[in-house]
Amino acid sequence: MFKYMFKINLSKIFLISYRNIIKNRARSAILAIAILLVTFILTLVMAITAGVDDNLTKTASTLMSGDLNVGGFYKISSSSAAPAVTEYTKITSLIMNDPNIKSEISKIVDRIRGYGRLISDETSMDMPLWGVDLRNENYLSKILKAHEGDFDRVIDKGNMAIFEYHARKLKVKVGDVVTLSVPTQRNTNNTKDVKVVAILKDIGFLSQFSVFLNSADLRDVYQMKENVTGVIMIYLKNLNKLKDVENKVNKLLTDNNYKLMEKDQRPFFLKFDKVSSEPWRGQKIDITTWEEEISFLRWIIKIFNALTMIFTVILLVIIAFGIMNAVMIAIKERTIEIGTLRAIGMQKIMVIKMFLLEAFLLSATASILGITLGAVVALFLNILHIPIMSEAFRSFLLSNELILSVRIDNILLSFFIVVIVTMLGAIYPSYRASKLKPIVAINHID
Amino acid sequence: MTNLISNLISVENVCKDYKLGAVTVNALKEINIKISIGEFMTIAGPSGSGKTTLLNLIGCVDVPTEGELVIDGKGISRLSDKELTELRLNTIGFIFQTFNLIPVLNVYDNVEFPLLLKNDLSKNKKERKERVMYFLDKVGLADHLNHRPSELSGGQRQRVAIARALVSKPKIVLADEPTANLDSETGQNIIDLMKKINREDHTTFIFSTHDTSIIKQAQRVVVLKDGHISSDEMMK
C-alpha cells in the first residue's frame with residue numbers, strides 16, 4: 001500500500017490540495033487563523049516556561065550553586081555537622097592539576113556556606129547563609145541589583161547584603177545592624193553583629209534562600225581556619241559535560257583517598273539532620289550538581305510544565321476537532337469528486353493521502369506563521385523588561401520581570417505537535433472518505 | 001480461445017438488488033450479455049430500466065448481487081478492491097453524464113490525472129505530455145489547456161471528459177447518458193467524436209441513452225426493460 005503511495009507522482013495531488021484550500025478560502029482562513037492562534041499561544045506559553053526554567057538555572061547557579069559543587073560536612077562529634085571542606089586548597093589544586101578536568105572548567109571559586117538565624121530588633125528568621133569573597137566573585141554585582149545601598153561593600157568584613165524579602169520580614173533598612181547566630185560544631189551558638197549595607201532587589205522565590213556576607217565573617221562565627229571553606233563551586237565551559245566532569249571529579253577524589261558521601265540529591269541545608277544522625281566523624285566530601293542543590297525548587301518547573309501540558313492539550317483538542325470538522329465538510333462537498341477519482345483508478349490510500357496533505361498544508365503554513373509570530377512577540381516582550389507587579393507572581397516566576405526564552409527545541413516541538421495533531425484529526429474523516437464506495441460517492445446528492 | 005479473446009466483457013446471469021428500507025428492488029434480473037472488442041454499443045431503455053446499474057457493474061464501480069462479470073479475462077467477484085481499482089485504471093474509461101471533472105484542475109491537468117495514477121507513466125512527464133496533447137487534439141481542445149472546467153461550455157467539458165477517459169488507452173469506454181446535459185447539436189458532435197475514436201482506435205464504447213436519434217447510430221443496441229434484456233440487436 002505504502003509502496004504505491006511513493007511510486008506515483010504526487011504533484012497533482014498537491015495541486016488539488018493547494019487549490020482546494022484556495023477555493024474554500026473563507027473556511028481555510030478561519031481554520032488557519034485558529035491553528036495560527038494556537039501555535040502562537042503555545043509558543044508564548046512555552047517561552048514563559050522556558051524563561052522560568054532558564055532564569056531558575058541562571059539565578060540558582062549564581063546565588064546558590066556552581067554547575068558542580070565539591071562540598072561536604074565535617075564532624076568533630078558524631079552528633080554534630082558543619083557544612084565545611086577542610087584543606088580545600090589541596091582539593092582545588094588536585095582538580096586544577098588534572099588536565100582532563102581543568103580543560104572543562106571556566107571558573108572555580110569557593111564560598112563559606114551555613115545555615116543560621118538573623119535577629120533584628122523586632123524579629124528573627126532562619127535561612128541559608130553565603131560567605132563570599134567579592135574579589136573572586138565580582139560577577140555577582142552584575143547580576144544582583146541593589147534596591148538600596150551598595151552590594152560591593154560586602155567586600156569589607158562586617159557587612160552584609162540581604163534581599164527586599166528579608167528586609168521586609170526583619171523590618172530593617174540599610175545601615176541597621178542585625179545579629180547573626182549560627183550553631184557551631186560544639187553544639188553551641190556563636191553570634192556576630194553585621195551591618196546591612198545593601199538591600200538587593202528580589203529575584204523571586206530564590207531570594208528567600210540567599211543572604212550574602214563577607215566570607216571572613218562567616219568563617220569567624222563558624223570558627224573556621226583559613227584552609228577551610230564551605231563549598232568549591234566549579235563552573236563549566238559546557239553544561240552538557242556536567243555528568244562527565246562529575247564522574248571525573250568523583251574518581252579523582254576517591255583515588256586520592258577522600259571519603260565521599262553517598263549520593264543524596266538534595267540541597268546541602270536539607271542534609272544536616274541526616275548527617276548529624278550518622279555515626280562517622282571527620283571529613284566527608286559531597287559532590288553535587290546545580291540541579292541537586294535547587295531540587296527543592298523543581299516543583300515550580302514541574303507545575304509550569306504541567307500547566308503548559310494541560311493548556312496545550314486543551315488547545316490541541318480544539319484544533320483536532322476543528323480540522324476534523326473542516327475535513328468532514330470538505331469531504332461532504334467533494335463526495336462526487338472522490339467517487340470520480342476512485343472510479344478512474346485512484347486507490348483508497350491516495351484518497352486518505354489527498355485529504356491528509358490538505359490538512360498538512362494548512363496546518364504547516366498556519367503553525368509556521370503562528371510560531372514565527374509567537375517567537376517575535378516573545379523576543380519583543382523580553383526586550384521590554386516588563387516588571388511583574390504581583391508579589392505572588394514574582395515569587396512563582398522567580399523573577400521581578402517577565403522573562404521569555406524562545407528555544408529552538410520548543411519551536412520544533414510546537415510545530416510537530418500541532419501538525420501531528422491536525423493530521424490525526426484529519427485521519428478519521430479521510431479514512432471514511434476512502435471507504436466510500438465509488439458508486440455511492442458518484443451518485444451523492446447534497 | 002477465439003471466443004475468450006473476442007469477448008472483452010462477459011455478463012453471466014447477473015442480478016443486482018438494492019435495498020430501499022424494507023423493500024428490495026431487483027434492478028437487474030438474470031442478465032446475460034457478451035461484448036466484443038471494438039463494439040460501439042448502446043444500452044437503451046426507459047428510466048429505471050437498469051441501464052446505469054448495468055454500466056456501473058461493467059465499470060466495476062459496483063458488484064452484482066448474483067452472477068459473474070468477466071472483464072478482459074478477469075472475474076471481478078474474485079478481485080480485491082485494490083485489484084478492481086487497478087482494473088478500472090488500466091482497462092476502463094468513464095464518461096459521466098455530469099462530466100465530473102475536477103473543478104480545481106485545468107483542462108490539461110484533468111486529462112493528465114489518470115496517467116499520474118499509473119505506475120509506468122507517473123514519472124514519465126514527456127510521454128504523459130505527448131498522450132495528453134494527442135487526445136486533447138483529437139477532441140479539439142488543444143487550445144484550451146489552461147482553462148478550468150468552470151470556464152468551458154457543457155460540450156467542451158464533455159470533450160475533456162472523453163479525453164480523460166481515453167488518455168490511459170483503455171479497452172473499454174463507458175458513458176452514462178453522455179449527451180443528456182447537452183443540446184442536440186453538441187450531443188451529436190460528442191457521438192461523432194466517440195464514433196471516430198471507436199473507428200480509429202478500436203476502443204469499445206458502451207453508452208446508455210434515451211435519445212432515439214443517438215440509439216440509431218450504434219452498431220448494437222441492447223434494450224433493457226424492468227431489469228431484463230428485452231432486445232439485443234446488431235444495427236445495419
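**Note on a predicted two-chain model**

1. Helix α4 (residues 107-116) of chain B has 10 of its 10 residues buried, so it is largely enclosed by the rest of the structure. Buried means under 20% relative accessible area, exposed means over 50%, and partly exposed lies in between, with a 1.4 Å probe and protein chains only. Helices (H or I, at least four residues) and strands (E, at least two) are DSSP runs, numbered from the N terminus. The buried residues of α4(B) include Val107(B), Tyr108(B), Phe113(B), Pro114(B), Leu115(B) and Leu116(B). Asp109(B), Asn110(B), Val111(B) and Glu112(B) are also among them.

2. What surrounds this helix? The cover over the buried residues of α4(B) includes α2 (11-23) and α13 (335-343) of chain A. From chain B, the cover includes α3 (81-91), α5 (125-138) and α6 (154-167). Contact here means heavy atoms within 4.5 Å.

3. On the basis of the model: this is a predicted model, in which local features need pLDDT of at least 70 and side-chain atom pairs count only at pLDDT 80 or more, while totals for chains, interfaces and linings use all residues. Residues are numbered from 1 along each chain as its sequence is written, chains are lettered from A and ligands numbered from 1 in the order in which they are written, and side-chain values use heavy atoms, with hydrogens and water left out.

4. A compact globule of 446 residues would have a radius of gyration near 22 Å, but chain A has 30 Å. This radius is taken over C-alpha atoms, and the globule rule is 2.2 Å times the number of residues to the power 0.38. The C-alpha atoms of chain A fill a box of roughly 95 × 50 × 35 Å along the principal axes. The secondary structure of this chain comes to 17 helices and 12 strands.

5. Chain B should be read beside that description. For 236 residues, the rule gives a compact globule a radius of gyration near 18 Å, and chain B agrees, with 18 Å. Its C-alpha atoms fill a box of roughly 45 × 45 × 40 Å, taken along the principal axes. Chain B contains 8 helices and 10 strands.

6. In chain A, 54% of the 446 residues count as buried. In chain B, 54% of the 236 residues count as buried. Of the contacts in chain A with a separation of 6 or more, 81% are between residues 24 or more positions apart. Among contacts in chain B between residues at least 6 apart in sequence, 69% join residues at least 24 apart.

7. Chain A exposes about 20,300 Å², and carbon and sulfur atoms supply 60% of it. Chain B exposes about 10,400 Å², of which carbon and sulfur atoms supply 50%. Accessible areas come from the Shrake-Rupley method with a 1.4 Å probe; for residues, only the protein chains shown count as cover. Chain B has 30 positive and 30 negative side chains, and the centres of the two sets lie 3 Å apart. Lys and Arg count as positive and Asp and Glu as negative, whereas His and the chain ends are not counted. The place of a charge is NZ of Lys, CZ of Arg, CG of Asp or CD of Glu.

8. In chain B, 4 strands form an open sheet in the order β2-β1-β4-β5, with antiparallel pairing. Strands β2 (23-36) and β5 (74-75) stand at the edges, each with a single partner strand, so one side of each is left without a neighbour in the sheet. Two strands pair if DSSP finds at least two bridges between them. Strand β4 (residues 66-71) of chain B and β5(B) pair over 2 bridges, and the bridge partner of Ile71(B) is Lys74(B) in β5(B).

9. Is Met261(A) buried or exposed? Met261(A) is buried, with a relative accessible area of 14%. Its place is in the loop between α9 (242-255) and α10 (272-277) of chain A. Not counting residues up to four places away in sequence, Met261(A) touches Phe73(A), Lys271(A), Val275(A), Lys284(A), Ile285(A) and Asp286(A). The C-alpha atoms of Met261(A) and Ile285(A) are separated by 5.9 Å, although the two residues are 24 apart along the chain.
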